[in-house]
Amino acid sequence: MHHIRAARTAQHVAVRAITLHGLAHPVTLALLAAASTAAARAWDRGHPVHAIHTMLHRHRSTT
């Protein structure tokens, strides 16, 4: 579970950096690299992608 938490946190920090600095800023790029590394570590430890990227909101089909 530690690897999943680390990946989620790294991704959250990277998204905040994008919001504050933009996508091309060096700090943002470094944080995105850290987030991808954390996600890769979780994947390598056998955690599925959906454990890192959980759905926060479920959309209902309105047909």
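**A greasy patch and a helix pair**

Ile18, Leu23, Leu29 and Leu32 together make a nonpolar surface patch of about 320 Å². To join a patch, a residue needs over 30% relative accessible area and no salt bridge, with nonpolar side chains (Val, Leu, Ile, Met, Phe, Trp, Tyr) linked within 5 Å and like charges within 9 Å. A salt bridge here is a side-chain nitrogen of Lys or Arg within 4 Å of a carboxyl oxygen of Asp or Glu, and areas are Shrake-Rupley values with a 1.4 Å probe, counting only the protein chains shown as cover for residues.

Bear in mind that this is a predicted model, where local features need pLDDT of at least 70 and side-chain atom pairs 80 or more, while totals for chains, interfaces and linings use all residues. Numbering starts from 1 along each chain as its sequence is written, and side-chain values use heavy atoms, leaving out hydrogens and water.

Now zoom out: the protein has three helices and zero strands (DSSP runs numbered from the N terminus, H or I of at least four residues for helices, E of at least two for strands).

Over in helix 1, residues 2-21, you'll find Arg8. Arg8 and Ala38 are 30 residues apart in sequence, yet their C-alpha atoms are 8.4 Å apart in space.
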